[in-house]
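Dear colleague,

Please find below the structure that I am handing over to you. My notes on what was found in it follow.

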Amino acid sequence: MSAVGRSFEGSGYEWLAEMLEPCAPGEFLDSSWGVAVLHVRGRAGRFSSLMPWARLGEILRRQRLDFPRLRLVRDGKPLPVTSYLRHTTSARQKTTIPRLKAPELARALREGATLVVDAVDELSDPLEELARGLELFFREHVQVNLYAGWETSRGFDLHWDDHDVFILQVSGRKRWSVYGQTRPYPLVNDIEKASRPTHAPVWEGTLADGDLLYIPRGWWHVAEPLAEPTLHLTVGVHNRTGLDLLRWLAERLRASEAFRRDLPRFAPAGERAAHAARLREELLDAWDETLVERFFEEMDARAPARPRVELPWLATPGAPLPAPSSLVRLLAPRPLRLEATGGVVEFASMGRRWRFAEEALLVLKPLAERRAQSVAELCEAARGRIAEARVRAFVSELARHGLVSVEGAEDPGGEGGA
């Protein structure tokens, strides 16, 4: 079945659709994902709310970012850290604190350096929401990095990344050349290096404000600044490989006595062959047609949520139940597979198995749709089956365990208690 024919309702599809617009996600998955470069022209300013220049300035001003998360690069080489950061030592705490040398950093940027901030999705709400939505769809870790430059010096030389990349041009322009793979699906710690391409680019063009460029994992590429302020974000999707599956399977085989045993180095040849045959038999028994699906299912169940703490409510002993106007959001990083049998609903998420009375479905199903729900809406969904006070208490329990966030939990009218 093509991607167009699949249903992605409630799975983060809308985040991918908005990012790719006007390209349809189904078309992208069928024709480009993992196999071809894609350039999407977009209206100017459509990515500007993700990281306006003012927000970048605020991040630099307020965050104690250190190398290598924050770095300056020019012509493929990092600048000395001491040229834009100084480290002070706290006598009381005996810790080292990075401090930005603002004039020196600005001068380096004027002279052609590129500013890089890794994992900027952890520093900005709009980018965190984007990354969370894409993780929900791709079911893989997503990280957003930031690149800002002003002159014509390239930040990075021709290179490839070990993950798929969406480049979102937020401001200005930048010229890109993409060459494709020279070694199929290369690894960072590979047994053979991918050779630099000697052929002409398979795609080259200029990204303007609002454009998107998708580059599959392992494809060589290089970007050239155009002597103007330019800022782009790279959204990296870190897909798992067959080697990840093998490592997972090796963990599971710890349950096998045969695999835990020492290898019979000094045994006769026949005994060694028999031991190898037993290992092969147990490995093949585990390697059935459901192996990949079981791997994906367990990785989804293990995926950690992005941390969120609602203060002061969540940390207040004996805090009142959330107010009816409070907004509740599911924090589980993967779609929930709600299974109800024998009066109990169960699902695996965030590294644990959750188990509730079956009536909890009345609250969990609306939350699983990934739309912010007010406590009043959840109470209405459960009307006639669960009392309002119990719904509010259940939301509090979910929040204490980190499964949901609750915005505006404090009731200014003093009516939050049961």
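Does Tyr185 count as buried or exposed? Tyr185 counts as exposed, because its relative accessibility is 52% and the cut-off for that class is over 50%. Please note that this is a predicted model, and that the remarks here should be read accordingly.

Tyr185 also deserves a look for its backbone. Its phi is positive, about 50°, although Tyr185 is not a glycine. The residue sits in the loop that runs between strand 9 (174-180) and strand 10 (203-207). Ala119 likewise has a positive phi, near 50°, and is a residue other than glycine. Ala119 belongs to the loop between strand 6 (114-117) and helix 5 (125-138). Ala119 counts as buried, because its relative accessibility of 8% is under 20%.

Two cis peptide bonds may also be of interest to you. One joins Glu21 and Pro22, with omega at about 10°. Pro22 is placed in the loop between helix 1 (13-20) and helix 2 (25-31). Another cis bond leads from Phe67 to Pro68, where omega is near 5°. Pro68 is located in the loop between helix 3 (53-62) and strand 2 (70-74).

I turn next to the chain as a whole. The secondary structure of the protein chain consists of 12 helices and 19 strands. Its C-alpha trace spans about 80 × 65 × 60 Å along the principal axes. The chain has 418 residues, of which 44% count as buried. Among contacts between residues at least 6 apart in sequence, 75% join residues at least 24 apart. The accessible surface amounts to about 22,300 Å², and carbon and sulfur atoms account for 51% of it. As for charge, the chain carries 57 positive and 59 negative charges, and the mean positions of these two sets are 6 Å apart.

Two individual positions were examined in more detail. Asp164 is part of strand 8 (residues 164-171). Asp164 counts as buried, because its relative accessible area is 5%, which is under 20%. Not counting residues up to four places away in sequence, Asp164 touches Trp33, Gly34, Tyr214, Ile215, Pro216, Arg217, Val235, Gly236, Val237 and Asn239. With Asn239, the side chain of Asp164 makes a polar contact of 3.1 Å. Glu129, by comparison, is 35 residues from Asp164 in sequence, and the two C-alpha atoms are 19 Å apart in space.

Ser396 is found in helix 12 (residues 388-400). Ser396 is buried as well, with a relative accessible area of 4%. Apart from neighbours within four places in sequence, Ser396 is in contact with Trp313, Leu321 and Pro322.

Finally, a word on confidence. The protein chain averages a pLDDT of 93, and 95% of the residues score at least 70. Over residues 1-9, pLDDT stays under 50, and the model has 12 contacts beyond four places in sequence for this stretch. Over residues 412-418, pLDDT also stays under 50, with 10 contacts beyond four places in sequence. Where pLDDT is low, the predicted coordinates should not be read in detail.

With kind regards

Definitions and conventions. Residues are numbered from 1 along each chain as its sequence is written. Side-chain values use heavy atoms; hydrogens and water are left out. Helices (H or I, at least four residues) and strands (E, at least two) are DSSP runs, numbered from the N terminus. Buried means under 20% relative accessible area, exposed over 50%, partly exposed in between (1.4 Å probe, protein chains only). Contact means heavy atoms within 4.5 Å. A polar contact is a pair of N or O atoms within 3.5 Å; within protein, one must be able to donate a hydrogen and the other to accept it, and residues adjacent in sequence count only if both atoms are side-chain atoms. Accessible areas come from the Shrake-Rupley method with a 1.4 Å probe; for residues, only the protein chains shown count as cover. Lys and Arg count as positive and Asp and Glu as negative; His and the chain ends are not counted. The place of a charge is taken as NZ of Lys, CZ of Arg, CG of Asp or CD of Glu. pLDDT is the predictor's confidence in each residue, from 0 to 100.
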